[in-house]
Amino acid sequence: MLDRNGRSIYEYFQRKEVPDMNEKITAHPQKEEREKVLKEIRQLENRKKILENKQRNEERRVRTRRLIERGAVLEGIFPLAPDLSGAEVKAFLIALSHLPGAAELTANLPKSGDTP
């Protein structure tokens with residue numbers, strides 16, 4: 001292919017001084033540094049999200065285990081509990097809490113977070 005002067009494009013580019021593409025152009029070191037810092041910030045934010053998700057999953061797992069264990073205790077003590085609805089179990093436990101002596105028993109229980 002020829003240009004307007006009759007020269008081939010290949011010859012034109014052979015004579016033209018083209019900078020080596022392998023050389024790193026550092027015309028904007030501040031811009032490169034800024035991009036590097038922004039990339040690091042994004043990476044740290046992603047790591048933070050991952051750690052927060054892991055923490056939430058662990059808290060959910062612990063809560064699920066606790067609920068299962070307590071449900072098993074309830075069913076072990078009250079064999080009819082599996083046949084009751086959630087509202088009926090709640091009403092039953094509320095009724096138990098109003099029996100004489102229940103307030104003293106709950107007052108002597110360890111507070112949440114205390115070790116038994």
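How many helices and strands does the protein have? The protein has four helices and zero strands, where helices (H or I, at least four residues) and strands (E, at least two) are DSSP runs numbered from the N terminus. This is a predicted model, in which local features need pLDDT of at least 70 and side-chain atom pairs count only at pLDDT 80 or more, whereas totals for chains, interfaces and linings use all residues. Residues are numbered from 1 along each chain as its sequence is written, and side-chain values use heavy atoms, with hydrogens and water left out.

**Fold and confidence**
- The order of elements from the N terminus is α-α-α-α.
- The mean pLDDT (the predictor's confidence in each residue, from 0 to 100) is 82, and 72% of the residues score at least 70.
- Helix 2 (residues 29-77) has the highest mean pLDDT among the elements, 94, while helix 1 (residues 9-15) has the lowest, 61.

**Surface**
- Of the 116 residues, 3% are buried; buried means under 20% relative accessible area, exposed over 50%, and partly exposed in between (1.4 Å probe, protein chains only).
- The accessible surface is about 11,400 Å², and carbon and sulfur atoms account for 57% of it; areas come from the Shrake-Rupley method with a 1.4 Å probe, and for residues only the protein chains shown count as cover.
- A nonpolar surface patch consists of Phe92, Leu93, Leu96 and Leu99, which together have about 320 Å² of accessible area.
- Patches are made of residues with over 30% relative accessible area and no salt bridge, joining like charges within 9 Å and nonpolar side chains (Val, Leu, Ile, Met, Phe, Trp, Tyr) within 5 Å.
- Leu96 belongs to helix 3 (residues 86-97) and is partly exposed at 31% relative accessible area.

- Because Phe78 lies in the loop between helix 2 and helix 3 and Phe92 in helix 3, the pair ties together parts 14 residues apart in sequence.

**Salt bridges**
- There are three salt bridges, each defined by a side-chain nitrogen of Lys or Arg within 4 Å of a carboxyl oxygen of Asp or Glu.
- Glu58 and Arg61 form one at 2.7 Å, N to O, and lie three residues apart in helix 2.
- Arg65 and Glu69 form another at 3.2 Å, N to O; Arg65 is exposed at 52%.
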